[in-house]
Amino acid sequence: MEPKNLAIVLGIVFIGHLSLIVAEDPYRFFTWNIAYGDISPLGVQKQGILINGQFPGPEIDCVTNDNLVINVFNGLPEPFLISWNGLLQRRNSWQDGVHGTNCPIPPGGNFTYVLQVKDQIGSYFYFPSLAFHKSAGGFGGIKILSRSVIPVPFPPPAGDFTILAGDWFNANHIDLQAILDSGGNLPSPDGLLINGQGPNRNTFTVEQGKTYRFRISNVGLATSINVRFQGHAMTLVEVEGSHTVQNTYSSLDIHLGQSCSVLITADQAPLDYYIVVSTRFSSSPALTTSAILHYSNSAGSPMEPPPEGPSEEIEWSLNQAKSLRWNLSASGSRPNPQGSYHYGMINTTRTIVLANSAPIINNKQRFAVNGVSFIGSETPLKLADYFNIPEVFNLGNIPDMPNSGNSGGYSLQPSVMPANFRDYVEIVFENDEDFVQSWHVDGYSFFVVGMEVGQWTPESRQGYNLRDTIARCTVQVYPKSWSAIYVTLDNVGMWNIRSENWARQYLGQQLYLRVYSPANSWRDEYPIPSNAILCGRAVGH
């Protein structure tokens, strides 16, 4: 980085976030140039979003409590933002990178994100959050290692690999967005990618007898995936920052926006083996792709055919999801064991039930939550709230319960739900549709206390896991089913709750949770950054 740019960045860090600086926590500096470039991962050329000329973008490798200073230069001819799937942004929703909190980086402009991965470990990813940019690339992995003083519940692996897998559309993102804007539905994906490439274009080299960590994220737009390693068992060790009970699996379902880590031991004959990814729960024929697990002393190609995925759907996947358990004796990002936090012994103060739906509004396909289909505003909600700008949004315009307060009709508006700092909340996601849903909550890690087929009722709490369920940031909801989470609202800010199905998110299946503290103190929330971009009616404040 040039001295002049370094001085500017350091000025932003020290002036904009004095309270964020802790001398013993290292800083890592990144400069990213965003540009369009021609890519053809499935043999069809399209306009992709590159970061420093790369697709996928550069991986972020960091350690718990590191400060990340990421200077993003927007070389696109339209506005751009990056969001950080799973980073909690403690006291700092200013850096979340979604349009409800940040003004876009204008064409030719730049913005320096100043993040701290406070008290976090695990596997995550970043992605472009505006328009339909996510379908053009611009995503990359995030790897947060434990501090050296914190024990990890498995021996150090011989290698640490990242797999960013997901569905891919050959059509340009502008054309896909136009389909949605016109009221249509997206076509089926054209294929699957692993780390931005098509079948057998990725090779992961291992040495016989050694164990390796694979961090796997579903970065797709529309479909759940199943992952399997030919001839090798997967030992699950981490899910979105939670160390898990180390169960072994022959294949794993990973839903949109979800991430996990598995250990693979190279304990088979010295050959090559397939790593297979296939779609799940799709009305279209299953798509499949593969990479190669290559033994360094390999004597031959993978044996045919590649392993098939599970033939069962909902019940099999639901039972697998319930088998994911918290490792109560393992340390997380801090020395104390994860199980020292007894989440099931705390009384909840509020229940919120969020039901997704797919209404036709003004003769166009939309998606909604509790009768409200979200539409963005020219002024980001966080800035409108901070500057007390009226008539940008109406706080509380989305009810806590489905169809509560309306007659079953639908509205189009920026939906913002109020919440109190330090409340302990139960949120139930209800899915009465025939498609798997995937829900993400920015700013929080939550406990998945239950999921079942059928309608949720208060009696459903009798089946909750109140002892050792995992904490994560993205949860699936099966068709005609529900999933329930417990979450401590200990992070003040304006936080996006959204569908990870990107067409549904784009067409309204999202809302914002305004977590408010009357103290108005830096102890609870950092001040607005000195480099914050102002737009809409925030200009001039």
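The structure is a predicted model, in which local features need pLDDT of at least 70 and side-chain atom pairs count only at pLDDT 80 or more, while totals for chains, interfaces and linings use all residues. Residues are numbered from 1 along each chain as its sequence is written, and side-chain values use heavy atoms, with hydrogens and water left out. Helices (H or I, at least four residues) and strands (E, at least two) are DSSP runs, numbered from the N terminus.

**Cis peptide bonds**

- Phe55 and Pro56 are joined by a cis peptide bond with omega near -5°. Pro56 belongs to the loop between strand E2 (46-51) and strand E3 (60-63).
- The bond from Glu304 to Pro305 is also cis, with omega about -5°. Pro305 sits in the loop between strand E20 (288-295) and helix H3 (314-322).

- Asn370, a residue other than glycine, has a positive phi near 50°. Its place is the loop between strand E24 (368-369) and strand E25 (372-374). Asn370 is buried, with a relative accessible area of 2%; buried means under 20%, exposed over 50% and partly exposed in between (1.4 Å probe, protein chains only).
- Lys480 is not a glycine either, and its phi is positive at about 50°. Lys480 lies in the loop between strand E32 (474-477) and strand E33 (481-488). Lys480 is partly exposed, with a relative accessible area of 39%.

- Helix H2 spans residues 173-181, and His173, Leu176, Gln177 and Leu180 are buried in it. These residues lie on the same side of H2 because they cover an arc of only 100° around the axis, the arc being that of the directions from the helix axis to the C-beta atoms.
- An α-helix has 3.6 residues a turn, so residues three or four places apart point the same way.
- The buried residues of H2 pack against strand E1 (27-39), E2 and helix H5 (502-506).
- Just after H2, Gly183 has a positive phi of about 95°.

**Surroundings of His232**

- His232 is located in the loop between strand E13 (224-229) and strand E14 (234-239). His232 is buried, with a relative accessible area of 4%.
- The His232 side chain reaches the backbone oxygen of Gln230 at 2.7 Å.
- Apart from neighbours within four places in sequence, His232 is in contact (heavy atoms within 4.5 Å) with Ile264, Thr265, Ala266, Asp267, Gln268, Tyr273, Leu293 and Tyr295.

Key: A polar contact is a pair of N or O atoms within 3.5 Å; within protein, one must be able to donate a hydrogen and the other to accept it, and residues adjacent in sequence count only if both atoms are side-chain atoms.
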